[in-house]
Amino acid sequence: MTFREKLEALSPSEWENEKVHIKAIVNQDELIYATYDCQLNEEQRDLVNPSWFEIGRAYLNRDDNYPCIIYNEAMTPIGFINLKKWIPTKTHCSWSYYIDKDFQGKGYGYAAAELAVKILKAAEPEMTIKLATEECNLKAQNLYSALGFKLLPELDGDDLVFGL
């Protein structure tokens, strides 16, 4: 069973918590939201992969990428996340995500990351989750640490790597 098939086999309750819901991009409106309407703060633009890049990865390698929209409790779209296999080894899980600038500072980023851990652990219980971040991205590093991730003694290019 592919990574994508494992994700799609999860029950709907695995895709939500009390604050956020994560749903696969399945229509044009969601694609427009992810690639155009969902915006980052200026200082964040160089710190995360843009959604169009992650969606392009999913197009080129569908089985190992699962681009989604993050919704809040009112089912308003508030962010983008791509659940994926760790490149280049594909022996770990990972994600790339961000919350729209208009919804930051409200706990949605933490709730979405916590939910992503739950989803990935349900789909691939034996796999480590690895996340990479720029050395200057202290917000991401603090978030990962708060979720229980540990800084690993390796780099992804020049990015720090955290593992859970």
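Me: Where is Asn 49 found?
Reply: Asn 49 is in the loop that links α2 (28–37) and α3; helices (H or I, at least four residues) and strands (E, at least two) are DSSP runs, numbered from the N terminus. This is a predicted model, where local features need pLDDT of at least 70 and side-chain atom pairs count only at pLDDT 80 or more, while totals for chains, interfaces and linings use all residues. Residues are numbered from 1 along each chain as its sequence is written, and side-chain values use heavy atoms, with hydrogens and water left out.

Me: What does Asn 49 touch, leaving aside residues up to four places away in sequence?
Reply: Asn 49 touches Glu 54, Arg 57, Lys 84, Ser 96 and Tyr 98 with those neighbours left out; contact means heavy atoms within 4.5 Å.

Me: Is Asn 49 buried, partly exposed or exposed?
Reply: Asn 49 has a relative accessible area of 29%, so it is partly exposed. The classes are buried under 20% relative accessible area, exposed over 50% and partly exposed in between, with a 1.4 Å probe and protein chains only.

Me: What separates the C-alpha atoms of Asn 49 and Phe 162?
Reply: 17 Å, for two residues that are 113 apart along the chain.

Me: Back to confidence. What is the mean pLDDT of the chain?
Reply: The mean is 94, and 100% of the residues reach 70 or more; pLDDT is the predictor's confidence in each residue, from 0 to 100.

Me: New topic, aromatics. How many aromatic pairs does a search of the whole structure find?
Reply: It finds eight. One of them is Trp 52 with Phe 53, edge-to-face at 6.3 Å centre to centre and 85° between the planes. Rings of Phe, Tyr and Trp (its six-membered ring) pair if their centres lie within 6.5 Å; planes under 30 degrees apart are stacked, over 60 edge-to-face and the rest tilted.

Me: Which class does Trp 52 fall in, buried or exposed?
Reply: Trp 52 counts as exposed because its relative accessibility is 56%. Phe 53, at 32%, counts as partly exposed.

Me: And which ring does Phe 103 pair with?
Reply: With Tyr 108, also edge-to-face, at 6.4 Å between centres and 70° between planes. Phe 103 is partly exposed at 21%, and Tyr 108 is buried at 8%.

Me: Which charged end sits over the ring of Tyr 108?
Reply: That of Lys 19, 4.6 Å from the ring centre. The test is NZ of Lys or CZ of Arg within 6 Å of the ring centre and within 35 degrees of the ring normal.

Me: Which residues form one aromatic cluster?
Reply: Trp 95, Tyr 97, Tyr 144, Phe 149 and Phe 162.

Me: Now the cores. Which residues touch the most other members of the largest nonpolar core?
Reply: Leu 83 and Trp 95, in a core of 37 residues. α4 gives the most to this core, with ten residues. A nonpolar core is a set of buried Ala, Val, Leu, Ile, Met, Phe, Trp, Tyr and Cys residues joined through side-chain atoms within 4.5 Å.

Me: How far does α4 reach from its first C-alpha to its last?
Reply: Helix α4 (residues 108–123) has 16 residues and reaches 22 Å, close to the expected 22 Å; the expected span is 1.5 Å times one less than the number of residues.

Me: What do the buried residues of α4 pack against?
Reply: α1 (3–8), β1 (20–24), β2 (65–72), β3 (77–85), β4 (93–99) and α5 (138–146). Ala 123 is among those buried residues, and its relative accessible area is 9%. Ala 123 touches Lys 6, Leu 7 and Leu 10, not counting residues up to four places away in sequence.

Me: Last one, backbone. What is phi of Met 75 near?
Reply: Near 65°, a positive value in a residue other than glycine. Met 75 is in the loop between β2 and β3. Lys 90, also not a glycine, has a positive phi of about 60°, and lies in the loop between β3 and β4. Most residues other than glycine have a negative phi.
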